[in-house]
Structure formats: structure tokens, C-alpha cells
Amino acid sequence: MLNYYLASMYEQLEKSIREKVKISAEEFELCKTFFIPKKLRKKQTLLLEGDVCTYNAFIEKGILRSYATDEKGNEHVIQFAFEGWWISDLASFLQGSNSTHTIEAIEDSELLLLTYTAREDLMSKLPVFETYQRILLQNAFIAFQSRVNAALNSSAEEKYLKLTSAYPDIIARVPQHMIASFLGLTPETLSRVRKQISLRR
Amino acid sequence: MQNIKTIAVIGASDKRNLSVLNELAARYQLLLFDKNINEVNKIQQSLLTENRYASIEIMPCATNASWEADMIILSGFCINDDTVVKTIKEVATAKIIVIMENDDEFTKSINHQVSFDLLFPHSRIIEVININTDDQAEKEFLLEGHDSYALDTVSSIFEGIGFNTYVSQIN
């Protein structure tokens, strides 16, 4: 049983890389040696606000969220990351500055962690990995622009429908108050939006 | 506030490392594994007596303990146990592995010409040798390894918990 789990430790990473670039079996074997396998339990943190973000984390299994806390102690969800996604505080990771986010596991999770040095070494040894990273950053920037546009132009209902159609799993796996926070809504508003949608159906 | 690191102690029932584990328990989350359940239970109780609010858990499997950990300590019988080495190798990639060498293991390792760098080719190996076994005297450790980052990390952990360290980087 354990051997099965160990064999599938890099499954999502391989899938993610192969979706974007061509990589040989030997190159992927080399790639694996740079990643730190790490399990995180539900509610455990990978990064605390104020620390330097030392890892760029790839999610093999589970869900993580990053959030910022305001002066009143309210949490504002910035990102969710599901299987096959990456999560970090990019500014802190790339510049070595103090993080403005906390990263926490929503479910028991299995991660593959890449340090800044390991990422640099891997990109210099495997140019194809640098291409993969460039494509990821492009996609992240596009997603960021789309999120800003939605925040400025979309209604609460449009934002909710867009999120749930892109990630149908999210309702079952993520608590509602976190989804509300991610969409910039109060839990009460989200509840009202959901009710309106279900009444119309 | 810093994120609390998790340390897996594989071969945790070795009493010679109790003073080190005692100090580590005050600052880190410990995951203990040992084939000898009774002995590891005693170690856990002893650590909890000294560190009432510490997070110290007994794990049923060396692989899961090492997978969850940020750093792995190998001690006692595990140092020369092929089965244990094989079970944790896959989940120890790129992690720091601290080999706690007391007199017996140190001699055995030399006799068997065990190279931990060959056993764990993708991990950062640091061998820690207790150079002052007198319980009354201040603890002093010699840290040996190739990786300067790992040497610095382990040295700062040991110094941080009140021990003296001497670092030897092998080329």
C-alpha cells in the first residue's frame, strides 16, 4: 500500500510539466531529486505572515490557501491551491522579503517543495524546467488580471458562478466563509447569492 | 513568529539521545518512531514530563514520520538498519538527515564502511558525534558533512538548544 503511495508521489507534478513542455523520462527523474516531499496536516501552516517564504510548493494532494490578516484580525483569502497547482508568496520567495501571507492546509496535504536555490539549480540544469516555470508565471499573471477585472466589473453572483464553474470541487472541499472571503463577500451575502441561484433553478 | 518545524526521530528509543530530544521538544514538533513500542512510549512520557505543552507524537511508520518531517534524525539501531534506510529513502529527498552517532554506531559505521551519502544520494547528510559523553559536563558535538547549508542549519539548531558544536565540512 505504502509503495503505491510512494510511486504516485510525483504523479501530479509530472502531469503538470508534461501538459506544458516536452520532458524525457531521464529529465523528469533528475527533476524529482530537487523537490522536498512534505506532508502537511489540516490547519498546519507552511508559511507564517512575517517570515521569509523559503518554498514554492506544488500540491500533489489536498488543498492549501494563502491569506492576509488585517489590523482587526480578519482573514482575507488570496488564493486557493488544489492538486496540480503551485502556491507561495512569490514576492517573498523571489526577493527574500518578509511575507505578507500565511499559507495553510485546508485538508491533509502532500506537497513537493522547491527552495529558491533548488529552483535556480534545476532551471540551469534543465532549460525545459525554466520554460515550464515561465509558462506558469504567464498563466499566473493572466489569472491575476482576470481576478482584478472580476473584482471591478462582476456582480457577486457572476463571481460565484465563475469560480464554481472553474472549480466544481470547491463547494464540497472548502468552507463557505473562506469562499466568501476569496470573493470579497461577507458570508451572509454569499449565502444569499447561493439561495437566489438555487431558487432560480 | 516562526513556523514550527517538524523533526522525525527514527530509532527514538536510544536513551543516549534523550538530552538532545528533551531540548528539541521545547522548540520543535517531534514525530517519534521505533520498533520497540514500549521503549518509545517511555521516551515520549519522559519528554512530556519535561515539556508539558510540547507536540510529541509516536508514529507507527518510519516512512510517514519522515515524509511529514522537515528534518530527519536517525539514531540507535536504525543507523545500521537496511530496512529502515530503504523505507525512508524516497521521502528524504533534499531533506537534512542527521545521523546521531554514539560510540557503538560510530565504530560500526566505520567497520562496515557505511557511506550515508551513498545510501541517501539526494539528501543532505550531517553526522553528529557526541564528543563529551560525561552526563555532568556540557554537551559538545562534532558535526560532519559535505553540505554547508545543512551544516549551518544543524549547527544553529544545536546551538539554539544550548549545546556546543564544532563544524567540519568534508570536501
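Q: What makes a residue buried, exposed or partly exposed?
A: A residue is buried if 20 or more other C-beta atoms lie within 10 Å of its own, exposed if 12 or fewer, and partly exposed in between. The C-beta atoms are placed from the backbone.

Q: And where does the model come from?
A: This is a predicted model: local features need pLDDT of at least 70, side-chain atom pairs count only at pLDDT 80 or more, and totals for chains, interfaces and linings use all residues. Residues are numbered from 1 along each chain as its sequence is written, and chains are lettered from A and ligands numbered from 1 in the order in which they are written.

Q: OK, strand E4 of chain B. Which residues are buried there?
A: Met71(B) and Ile73(B) on one side, Ile72(B) and Leu74(B) on the other. Both faces of E4(B), residues 71-74, are covered. Strands here are DSSP runs of E, at least two residues; helices are runs of H or I, at least four.

Q: Why two sides?
A: Because side chains in a regular strand alternate between the two faces of the sheet.

Q: Which strands pair with E4(B)?
A: E1(B), residues 6-10, pairs with E4(B) in the parallel sense over four bridges. E5(B), residues 96-101, also pairs with E4(B) in the parallel sense over four bridges. Pairing needs at least two DSSP bridges between the strands.

Q: What does Leu74(B) face in E5(B)?
A: Its bridge partner there is Ile99(B). Ile10(B) stands opposite Leu74(B) too.

Q: Switching to chain A. What is the strand order in the open sheet?
A: E1-E8-E3-E6, with antiparallel pairing. E1(A), 36-40, and E6(A), 86-87, are the edge strands.
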